[in-house]
Amino acid sequence: MPAKRPSSRVVSKAEPKPRVGGRSARVVQEVLAAALELFAEQGYAGLSMDAVAARAGVNKTTVYRRWPTKAELVSAALYAMRDEEPAPPNTGSLEQDLVELLERMAVSLTTPRKRAFVSSFVVGNVDPELRALLRRLREERPAIPAIVFRRGLERGELPAGTDLQLIASALLGPIQSLVLLKRETVEKPFIERLVRLVLTGAVAGGARS
């Protein structure tokens, strides 16, 4: 009896499913999260690369290989946090967008991570390396208020030539002062009055550069 010839049919093997993320991505997330936690707890001056590695549970060479300096590590952590922010309000009304934005900010400023983010811009005025990295962050990831103001300008809700940085400071300053310095809760009626006050002055031309 002749031997059976082997089948010429090719048996396909199931292709392995691609891994999502993987260990490298998890390590990056853990290190950046640790950096933000320590930055919030100890500030920029008190943060060390060794402490970040210990908090993340990785070897310090892993941290130094990807982020050679503390400023680069903190910058990467702030980039990651900025990317997690929700999209800016877009109701079609500048006033309503600003009220929603400031309400959101008043809540987020009560968290250690957001306080660390805001404080980084103060520290950045002292440390030259961090200052340069924060400047790049502002250029590459425009702050949410800047996006909202530009939309209002494009819709004609603000006069041409309005100093957007000035009205941003007029709106954000009181909220940051009340929440960060006085540890007070900012209610919606206060935010609505503040927005009306600043926009009334801006529309009248009081914020032209």
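Over which residues does pLDDT stay under 50? That happens over residues 6-20, and for this stretch the model has zero contacts beyond four places in sequence.

## Confidence

Keep in mind that this is a predicted model. Taken over the chain, the mean pLDDT comes out at 83, with 84% of the residues at 70 or more. Residues 6-20 are another story: there, pLDDT stays under 50.

## Overall make-up

What do you get if you count helices and strands? The chain has ten helices and zero strands. Reading along the sequence, that gives the pattern α-α-α-α-α-α-α-α-α-α.

The chain runs to 209 residues, and 35% of them count as buried. As for who touches whom, take the contacts between residues at least 6 apart in sequence: 67% of these join residues at least 24 apart.

## The α9/α10 pair

Helix α9 covers residues 164-181 and helix α10 covers residues 188-203. Their axes lie 9 Å apart, and the two pack at an angle of about 160°. An angle over 145 degrees counts as roughly antiparallel, so that is how α9 and α10 run relative to each other. The crossing of α9 past α10 is right-handed.

Which residues make the contact? On the α9 side they are I167, A170, L171, P174, I175 and L178. From α10 come F190, I191, L194, V195, V198 and A202. Sorted by class, the contact between α9 and α10 has twelve nonpolar residues, with no polar and no charged ones.

## The loop between them: R183

Between α9 and α10 there's a loop, and R183 is found in it. For context, most residues other than glycine have a negative phi.

Is R183 buried or exposed? Exposed is the label for anything over 50% relative accessible area, and R183 has 55% relative accessibility, so it counts as exposed.

## T200 on α10

Helix α10 also holds T200. Where does T200 land on the accessibility scale? Its relative accessible area is 54%, which means T200 is exposed too.

Conventions. Residues numbered from 1 in each chain as written. Predicted model: local features only at pLDDT ≥ 70, side-chain atom pairs only at ≥ 80, totals over all residues. Heavy atoms only, no water. pLDDT = per-residue confidence, 0-100. Contact = heavy atoms within 4.5 Å. Axes fitted to C-alpha atoms, helices over the stretch in contact; angles between N-to-C directions. Helix = DSSP H or I, 4+ residues; strand = E, 2+ residues; numbered from the N terminus. Parallel < 35°, antiparallel > 145°, perpendicular 65-115°, else oblique. Left-handed = near helix turned anticlockwise from the far one by under 90°. Nonpolar A, V, L, I, M, F, W, Y, C, P; charged D, E, K, R; others polar. Buried < 20%, exposed > 50% of the residue type's maximum accessible area, 1.4 Å probe, protein only.
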